[in-house]
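Dear colleague,

Please find below the structure that I am handing over to you.

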Amino acid sequence: WAGSPVGMITANSVYGALYGLETFSQLLRGDRSVAASEVAVVDAPQYAWRGLLIDSGRRFVPVPLVKNLLDTMAAVKLNVLHLHASDHCRWGVESK
């Protein structure tokens, strides 16, 4: 392992480490090489609450779309999903 590239992530919580891994994965190319030889990223969220609202109470949202949105939220480091599942007398989420 001598001379091999080394990566180090330091974080104050497990979630910070997870976000650090996501940032590191964004530095990788398709052939798994790193986009730059030496990189130092210092990152911290400006707001503790970074989220997305899905209003399926007013408009039906298919489950595959919600799963895709969750993956996209993880990629851009959004940490809160507000799912508005019902609206007055409607229930816009498919249940089986």
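**Findings on the predicted model**

Leucine 70 is found in helix 2. With a relative accessibility of 39%, leucine 70 counts as partly exposed, because the class in question lies between the 20% limit for buried and the 50% limit for exposed residues. Leucine 70 and valine 80 are ten residues apart in sequence, and their C-alpha atoms are 9.9 Å apart in space.

Please note that the model is predicted. The average pLDDT of the protein is 79, and 80% of the residues score at least 70. Among the elements, helix 2 (residues 63-75) has the highest mean pLDDT, 91, while strand 4 (residues 90-91) has the lowest, 61. Where pLDDT is low, the predicted coordinates should not be read in detail.

**Overall organisation**

The protein contains two helices and four strands. Read from the N terminus, these elements follow the order α-β-α-β-β-β. Of the contacts with a separation of 6 or more, 69% come from residues 24 or more positions apart. The protein has 96 residues, of which 14% count as buried. Its accessible surface comes to about 8,200 Å², and 59% of that surface belongs to carbon and sulfur atoms.

The length of helix 2 can be checked with a simple calculation. At 1.5 Å a residue, its 13 residues should span 18 Å, and the end C-alpha atoms are 19 Å apart, which agrees.

Helix 2 is followed by lysine 77, which lies in the loop between helix 2 and strand 2 (80-83). What is the phi of lysine 77? The angle is near 65°, a positive value in a residue other than glycine. Most residues other than glycine have a negative phi.

Is lysine 77 buried or exposed? Lysine 77 is buried, because its relative accessible area is 16% and the limit for that class is under 20%. Not counting residues up to four places away in sequence, lysine 77 touches Tyr19, Glu22, Thr23, Gln26, Asp43 and Arg50.

**Helix 1 and the surface**

Tyrosine 15 lies in helix 1. Since its relative accessibility is 59% and exposed means over 50%, tyrosine 15 counts as exposed. The C-alpha atoms of tyrosine 15 and asparagine 79 are separated by 9.3 Å, although the two residues are 64 residues apart along the chain.

Leucine 21 is also found in helix 1 (residues 14-26). Leu21 belongs to a nonpolar patch on the surface, together with Ile9, Phe24, Leu28 and Val34. The accessible area of this patch is about 390 Å² in total.

**The loop between helix 1 and strand 1**

Alanine 40 lies in the loop between helix 1 and strand 1 (51-54). At 76% relative accessibility, alanine 40 counts as exposed, because its value is over 50%. Glycine 7 is 33 residues away from alanine 40 along the chain, and the C-alpha atoms of these two residues are separated by 9.9 Å.

Yours sincerely

Terms used
Residues numbered from 1 in each chain as written. Predicted model: local features only at pLDDT ≥ 70, side-chain atom pairs only at ≥ 80, totals over all residues. Heavy atoms only, no water. pLDDT = per-residue confidence, 0-100. Expected span 1.5 Å × (residues − 1). Patch = residues over 30% accessible without salt bridge, like charges linked within 9 Å, V, L, I, M, F, W, Y side chains within 5 Å. Areas by Shrake-Rupley, 256 points an atom, 1.4 Å probe, with all protein chains shown as cover. Salt bridge = Lys/Arg side-chain N within 4 Å of Asp/Glu carboxyl O. Buried < 20%, exposed > 50% of the residue type's maximum accessible area, 1.4 Å probe, protein only. Contact = heavy atoms within 4.5 Å.
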